[in-house]
Amino acid sequence: KDSPAVQPAKGLLAQTLAARADEEEKKGQVKQAIASWKEASVIFPDNPFPYIQQGRLLDKAGDDKEALEQYNRALKIVPRDANALSGAAQLEEKTG
């Protein structure tokens, strides 16, 4: 576990990665945005948000199988996360 002194730096890193991914998505750079969220999920493996964002972007890119896998990773961390449940359900419905 991180020491209290490391927490502010990790928080700033999380904000930076999220801002970078958002900017990449706005520019239409979906693959780069997915890579940024993947980087965030490696650094913050116990946070479901990067996995949810990867799932959303992978769905947008047409990679339904990998998108569902990312939503399921988020659900292993927070089983009742509404965004992950919704994303997974939509993909299940879409892919049958």
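The secondary structure of the protein comprises 5 helices and 0 strands. Helices (H or I, at least four residues) and strands (E, at least two) are DSSP runs, numbered from the N terminus. The order of elements from the N terminus is α-α-α-α-α. The model is predicted: local features need pLDDT of at least 70, side-chain atom pairs count only at pLDDT 80 or more, and totals for chains, interfaces and linings use all residues. Residues are numbered from 1 along each chain as its sequence is written, and side-chain values use heavy atoms, with hydrogens and water left out.

The C-alpha trace spans about 45 × 30 × 15 Å along its principal axes. Of the contacts between residues at least 6 apart in sequence, 36% join residues at least 24 apart. A contact means heavy atoms within 4.5 Å.

The accessible surface comes to about 6100 Å². Carbon and sulfur atoms account for 53% of this surface. Areas come from the Shrake-Rupley method with a 1.4 Å probe; for residues, only the protein chains shown count as cover. Buried residues make up 34% of the 96 residues. Buried means under 20% relative accessible area, exposed over 50%, and partly exposed in between (1.4 Å probe, protein chains only). The protein carries 14 positive and 15 negative side chains. The centres of the two sets lie 2 Å apart. Lys and Arg count as positive and Asp and Glu as negative, while His and the chain ends are not counted. Each charge is placed at NZ of Lys, CZ of Arg, CG of Asp or CD of Glu.

The largest nonpolar core has 21 residues. Those with the most contacts inside this core are Trp 37, Leu 57, Tyr 71 and Ala 84. At least two core residues come from each of helix H1 (7-26), helix H2 (30-43), helix H3 (48-60), helix H4 (64-77) and helix H5 (82-95). A nonpolar core is a set of buried Ala, Val, Leu, Ile, Met, Phe, Trp, Tyr and Cys residues joined through side-chain atoms within 4.5 Å. In soluble globular proteins, nonpolar side chains tend to be buried together. Not counting residues up to four places away in sequence, Ala 84 touches Ile 52, Tyr 71, Ala 74 and Leu 75.

Ala 21 lies in helix H1. Its relative accessible area is 0%, so Ala 21 is buried. With residues up to four places away in sequence not counted, Ala 21 touches Ala 33, Ser 36 and Trp 37. Ala 33 has its place in helix H2. Ala 33 also counts as buried, at 0% relative accessibility. Beyond four places in sequence, Ala 33 touches Ala 21, Glu 24, Glu 25 and Leu 57. The C-alpha atoms of Ala 33 and Glu 23 are separated by 8.0 Å.

Arg 20 is also found in helix H1. Arg 20 is partly exposed, with a relative accessible area of 35%. Beyond four places in sequence, Arg 20 touches Ser 36 and Glu 39. Arg 20 and Ser 36 are 16 residues apart in sequence and 7.1 Å apart in space, C-alpha to C-alpha.
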